[in-house]
2 protein chains.
Amino acid sequence: MMIDKLIDKIKKTQAPIVVGLDPMLSYIPDYIKDSAYKEYGETLEGAAEAVWEYNKGIIDAIYELIPAVKPQIAMYEQFGIPGLFAFKRTVDYCKKKGLVVIGDIKRGDIGSTSTAYANGHIGRVEVGRNSYAPFDEDFITVNPYLGSDGIAPFIDVCKKENKGIFILVKTSNPSSGEFQDRLIEGRPLYEHVAEKVNDWGSRLMGDSYSHVGAVVGATYPEMGRELRKLMPKTYILVPGYGAQGGCGKDLAGFFNEDGLGAIVNSSRGIIAAYKQEAYSKYGDAGYADASRAAVLAMKEDLKQAL
Amino acid sequence: MMIDKLIDKIKKTQAPIVVGLDPMLSYIPDYIKDSAYKEYGETLEGAAEAVWEYNKGIIDAIYELIPAVKPQIAMYEQFGIPGLFAFKRTVDYCKKKGLVVIGDIKRGDIGSTSTAYANGHIGRVEVGRNSYAPFDEDFITVNPYLGSDGIAPFIDVCKKENKGIFILVKTSNPSSGEFQDRLIEGRPLYEHVAEKVNDWGSRLMGDSYSHVGAVVGATYPEMGRELRKLMPKTYILVPGYGAQGGCGKDLAGFFNEDGLGAIVNSSRGIIAAYKQEAYSKYGDAGYADASRAAVLAMKEDLKQAL
């Protein structure tokens, strides 16, 4: 079962860490872009090729250290069809390397439409007598604004295909409180969403945690602590570490006493580490090694904190 | 400016109607699927070709009668990269036919990620010395759960590229009230979102309406009436007519006294009309003519009601 596979890999790597593969062209060393543009021109295809080569270098350097990656589909979708092809290549390659892949897609719609998203990303579609798994991520992120009937199709597909989801509860961005923190019967909206996540998750349990997880930003550690208690069986995906401002000492409250229950995402802090002063010695050509060093430093930071 | 172009086309066609191009394989006549599968096999490419051919028939039959179409990207994304290519072909073809294209993508994320979605769908991306408009819809739908800093990048790109957005306020599905109707300081969440839509929209006005619109389901006519008053300068995209249960007499309250202010979507009721008893005389081969007849009937229904 998928959540158990993720937990097993977290234990084996001793790393409750997911690396966000959210490439921007500005992160990518010139020599990679030049080579891609030479072959495909300064086109969407060229950009997508540069993104893929850049990702591949990072994945090769870090795949043994971590349990999971989280490609943010927007960073690929911005380059249209060629970009989405690079997303698909990245997902496939990470799975081949044994990584659990969390597609950060934040989809969510009315029932029949959510079914289409679920089938396309974590399930299968039928075409005549054949069936295909188009994007085939292991987990995806989902937006709860439409309520239960928009979520149910994702859960149905998880059940059928042995996959998982993480539902947005409290997001890491500065204005997340605008709606999410508003009080309803004395409790913030995000707690009401958390309660539903508990309900939905109870229908799809793994060995000790549910296949239905939650997203709670590292940038709100006190809310994380409360939400941890409210959703004891829910795995929490924690974005916002590093570049967005969260650090190790803020994170203890996201974990349960079993040392499990949360997986912390870092994107820019890992994949563009070579651009930081601390890793500048690696230079452009050593960008992947810089990412490896940044993963090791993050592991150490979390170990100290937990 | 984009909202003015949409209003102009609504006036010219005398049709506050948008047709949802949300194809399911089960809607598509066998002769179209057989022909596509013969060429591409029972593959994702075959499914995408069938979707495209089906769409093209409908667009050719109805483009003169309506101002706009709303392709639901999930129905394409479910077929992976080939499906998204059919989405792109559909968007391009509709624009060539003079239709305003509302990409129903319901994206929304933290700021930097929303920027990527906005660039990819209604804006441009830079690759070296070139710039591209990857999907190039005219409007897109956006999810508000992350608050202002997740919405701002969409508005910035609208301003720069002369495009528009529709923000989810009260969705058409049965469980939309689970979070959206909860009371915050005595008013439902959707009214608080509506208030923000007003704020955001005031920064980006067209001649008489804002480029920032709202989505409010036809299935909640009383809330539509209230929201119409709360957002006087906001165009309302109204899904849920027809197959989801909304009908013409429910819709008057979504419009302003100028006869403008709302555009009503029908998807299955138009594109799969030939499967209804009322249009069965058209048969499979006449599916596009059945769609044309269904558009004319919807125009008449709305005319009676308004």
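A polar contact is taken here as a pair of N or O atoms within 3.5 Å, where, within protein, one atom must be able to donate a hydrogen and the other to accept it. In the predicted model described here, the count between chain A and chain B comes to 33 residue pairs in polar contact, with both residues at pLDDT 80 or more. On the side of chain A that touches chain B, the residues divide into 33 nonpolar, 23 polar and 14 charged. Across the interface of these two chains, 10 salt bridges are found, and the side chains of Glu178(A) and Lys196(B) meet in a salt bridge with an N to O distance of 3.9 Å.

In terms of extent, 70 residues of chain A are in contact with 69 residues of chain B. The area buried between chain A and chain B is about 5800 Å², and carbon and sulfur atoms give 60% of this area. Of the area that chain A buries against chain B, 16% is supplied by Glu42(A), Tyr145(A) and Phe179(A), which is more than any other three residues supply.

The largest nonpolar core has 230 residues, and those with the most contacts inside this core are Ile165(A) and Ile165(B). When neighbours within four places in sequence are left aside, the residues in contact with Ile165(A) include Ile122(A), Phe139(A), Ile140(A), Val142(A), Phe154(A) and Ile155(A), together with Cys158(A), His211(A), Val212(A) and Gly213(A).

Cys158(A), one of these contacts of Ile165(A), counts as buried at 2% relative accessibility, and Cys94(A) is likewise buried, with a relative accessible area of 1%. With a disulfide requiring two cysteine sulfur atoms within 2.5 Å, the count over all chains is zero disulfides. Cys94(A) is in no disulfide, the nearest cysteine sulfur being that of Cys158(A), 19 Å away. The closest cysteine sulfur to that of Cys158(A) is in Cys94(A), and because the distance is 19 Å, the two sulfurs are too far apart for a bond.

How values were computed: Residues numbered from 1 in each chain as written. Chains lettered and ligands numbered in written order. Heavy atoms only, no water. Buried < 20%, exposed > 50% of the residue type's maximum accessible area, 1.4 Å probe, protein only. Core = buried A, V, L, I, M, F, W, Y, C linked by side-chain atoms within 4.5 Å. Contact = heavy atoms within 4.5 Å. Buried area = accessible area lost by both parts, 1.4 Å probe. Salt bridge = Lys/Arg side-chain N within 4 Å of Asp/Glu carboxyl O. Polar contact = N/O pair within 3.5 Å; in protein donor to acceptor, adjacent residues only side chain to side chain. Nonpolar A, V, L, I, M, F, W, Y, C, P; charged D, E, K, R; others polar.
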